[in-house]
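Thanks for coming. I have one structure to go through today, so please look at the sequence and the model while I talk.

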Amino acid sequence: MKKEISFRNIRLENAIRIQGSDHRLEMEIARDGGGILLSCDHFCSFWTLAVEMETLDRDAVPFCICFYKKGNASLDTPDFLGKTGVKPRLRSTWTFAFSLLERSAAPQRTSGRQKLDLSGFPCRIEEMETIYIRFMPHFTPFRVRLSGLRLCDGQPDFYVEPKPLLDEMGQYIPKVWEHKQPSPEKMAASLRIQYANVMRQRPQADGFSIPGWNRFGGWKEKKLQPGSGFFSTCHDEKRWWLTDPEGYAFFSIGPDCVGTDRETRADGQEHLLRYNPAAVGAYPEAVRRETRPDGQQSLFIDFPKINLCRAFGKDWQDAWIQMTLRRMRNWGFNTVANWSDETFCHAAALPYVLPLNTKAPFPSTQKTIYQDFPDVFAPSYRSASEAFARALLPYRNDPLLIGYFMCNEPGWGFEKGLNLGLELLKNPAPLCSRDSLVAFLRTRCRNDIHVLNGRWHTDFADFTDLLSPCPIADAFSSEALSDLRDFTAILIREYVSVPAAACRRADPWHLNLGMRWAFIHDPLLVSGWENFDVFSINCYKIDPLPSLSAIVSAGVDRPLMIGEFHHGALDCGHVATGIRGVASQQERGRAYRYYVENAASFPNLVGCHYFTYNDQSPLGRMDGECYNIGFVDACQTPYQPMTQAAYRTAKTLYEVADGRIAPTQKRPLEIPAVFF
């Protein structure tokens, strides 16, 4: 069953109707963004909203689906938000299942949709009055064509337009750019020449192209402490440093995902491939299938690996390792950063970091307080933490391991305004943390229920009443919400401290590098910082200094590390920039240098890792990200503005960090970012 929605009476916001009918709409969106508004009447009888969509710009245009509850008249403050996108100039079916509003499961990729990020507290379509499909700000006004807007009682049929977008080498067909390879044969010959040129270059005595670096990439000029045989931290009365196993000052710099994050998610997109090795049984080493929780199979194709096989045959991996190792050392990187190929890490003899949650699941519990936030006072959280920490045992004696990140961007940490104490009180599940909440409130209210009732404007007979779920807790007093917010800090501290202590027991030698928060939108997120050796964030900015300053202002007295940042452009074979956009490849190089040098000048920062070494696939990785963010493209050709900027930055990095040289003040030219 389905219900068609006519375009004739739909309200346009910041857009002009070019042409249309009941079933079709073409509109021009203003530069600062706009779209269409839908009334949610009768939506609750259906499962999915679907529409055929085609953006007519040459590059992707991200958009949001915004939901507004009854009485919310401000388009600037949606109650629930999904950010997503579709490929440009390709008519495709875009869908949104209303069950996603409940946040009970992650969105699955569909053939007509890029990555879908959700934000907002769990809700239901019955609560909603309005939906705003809002296209994001762009460089110029642009056109969008919609057709077949409808409500469905299940997943609709997906429109498939056979239109090859990816060539045999994993390059985007519709665009032309410098260094685009014309054929697999010429690509393979070019790659062999690149390899030969790299192998002819003679490194310095300690293996790096940067004078003054020792064999670890530390600074020979500044020995801070006796070598312990492992990486450590040190404050020299001016700033924080890492120290290498020999005790020399060390600033960690390097790319994430060396050898990984290159695959194309191909299932549901086979009609967009000019060459599909899975269909002809070719290059089995570059084809991977994965069974999803719904029983369906995902198909992944690693075109960069196929290109290496074409150039080097069965010796492709050794050739790639040797070429990439020399490139990293020549470009001024002293660290193989997160999520990199472990075979490469061991072969490269470079310092590296470990994403521990890829070796064992980050501790969780059967029942959670909110989304992925565990019942942290449950005994099972402690036993899960011990199992998690045991994954460190094989690495205990490795002097090249700088340290480990416990996890990356916890999902619950994205939710602005999240009061975990409140969510615990409302949660209907039997949770051990509720006992700890009651104990906290007893102490705060001097074990007098009348004090609590006076503060909360409630009529509980005893503190034990709070052991039962309180579904109306949102309506309690502001003092109640403040008490529950204070308990949120206790929950986060427990979330951090229990696995951190287990890791310390399993491996007392290597550095705990923290949890790689996506961003610190609430000072409570730093709770438990004292359990880390280094506090880490991912910081997607042009200038990282305000974000770093905010962490110190929140009370963190630890060295800091940036686990991810990047900048992308559209003057190459991609239709999306990444989380930060700049005007060109030259500006990408300028952005890298500006970011790293200014970050290094901050006295608490000890490392800065770039996401990623490789460009992502133009058709999208596993979740639909498809960004121009690499140092090399799908054919292993370096982006010279990026590699030159990396080298120039590395040459003066330690002097900038030590305050002897000022960081560059040449800001890049930023453009509206195209990302999902």
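Let me begin with how residues are sorted here: Ala, Val, Leu, Ile, Met, Phe, Trp, Tyr, Cys and Pro count as nonpolar, Asp, Glu, Lys and Arg as charged, and the others, Gly among them, as polar. This is a predicted model, where local features need pLDDT of at least 70, side-chain atom pairs count only at pLDDT 80 or more, and totals for chains, interfaces and linings use all residues. Residues are numbered from 1 along each chain as its sequence is written, and side-chain values use heavy atoms, with hydrogens and water left out.

Cavities come next. A cavity is a set of points, on a 1 Å grid over the protein atoms alone, where a 1.4 Å probe fits but cannot get out; its lining residues have an atom within 4 Å of a point. Grid points are joined across faces, edges and corners, and the volume is the space filled by probe spheres set on the points. How many cavities of 30 Å³ or more does the structure hold? It holds four. The largest cavity has a volume of about 170 Å³. It is lined by 19 residues, and the closest to its centre are Gly170, His574, Pro618, Asp633 and Ala634. By class, the lining of the largest cavity has nine nonpolar, seven polar and three charged residues.

The second largest cavity has a volume of about 70 Å³. Its lining includes Trp412, Glu415, His521 and Asp522. That lining divides into six nonpolar, three polar and two charged residues.

Now the strands. Helices (H or I, at least four residues) and strands (E, at least two) are DSSP runs, numbered from the N terminus. Two strands pair if DSSP finds at least two bridges between them.

Six strands form an open sheet with antiparallel pairing, in the order E2-E5-E11-E7-E8-E10. At its edges are E2 (11-13) and E10 (117-119), each pairing on one side only. Neighbouring strands of this sheet are turned by 20° against each other on average, direction ignored; the axes behind that angle are lines fitted to C-alpha atoms, and angles run from 0 to 180 degrees between N-to-C directions. E2 is joined to E5 (residues 34-39) by three bridges, and the two run antiparallel. Within that pairing, Glu13 has Gly35 in E5 as its bridge partner.

Further along, look at E15, residues 240-243. E14 (residues 232-235) is antiparallel to E15, with four bridges between them. Thr233 stands opposite Leu242, and Cys234 has Trp241 as its bridge partner. The two strands form a hairpin with four residues between them, and Glu237 in the turn has a positive phi of about 80°.

On its way onward, E15 is joined to E16 (residues 248-250) by two bridges, again antiparallel. Here Thr243 stands opposite Ala249. E15 and E16 also form a hairpin with four residues between them, with Gly247 in the turn at a positive phi of about 95°.

Which way do the side chains of E15 point? Trp240 and Leu242 point one way, Trp241 and Thr243 the other, and all are buried. Buried means under 20% relative accessible area, exposed over 50%, and partly exposed in between (1.4 Å probe, protein chains only). As a general point, side chains in a regular strand alternate between the two faces of the sheet.

Last, the aromatic rings. Rings of Phe, Tyr and Trp (its six-membered ring) pair if their centres lie within 6.5 Å; planes under 30 degrees apart count as stacked, over 60 as edge-to-face and the rest as tilted. The structure holds 41 aromatic pairs. Why is the pair of Trp213 and Tyr654 edge-to-face? Their planes are at 75°, with the centres 6.0 Å apart, so the pair falls in that class. Trp213 lies in the loop between H1 (184-200) and E13 (219-223), and Tyr654 in H13 (residues 640-657), 441 residues apart. Trp213 is buried at 3% relative accessible area, and Tyr654 is buried at 2%.

Finally, one aromatic cluster is formed by Trp331, Phe333, Phe565, Tyr592, Tyr595, Tyr610, Tyr613 and Phe631.

Key
On a 1 Å grid over the protein atoms alone, a cavity is a set of points where a 1.4 Å probe fits but cannot get out, and a pocket is an open set with protein on both sides within 12 Å along at least five of seven lines; lining residues have an atom within 4 Å of a point.
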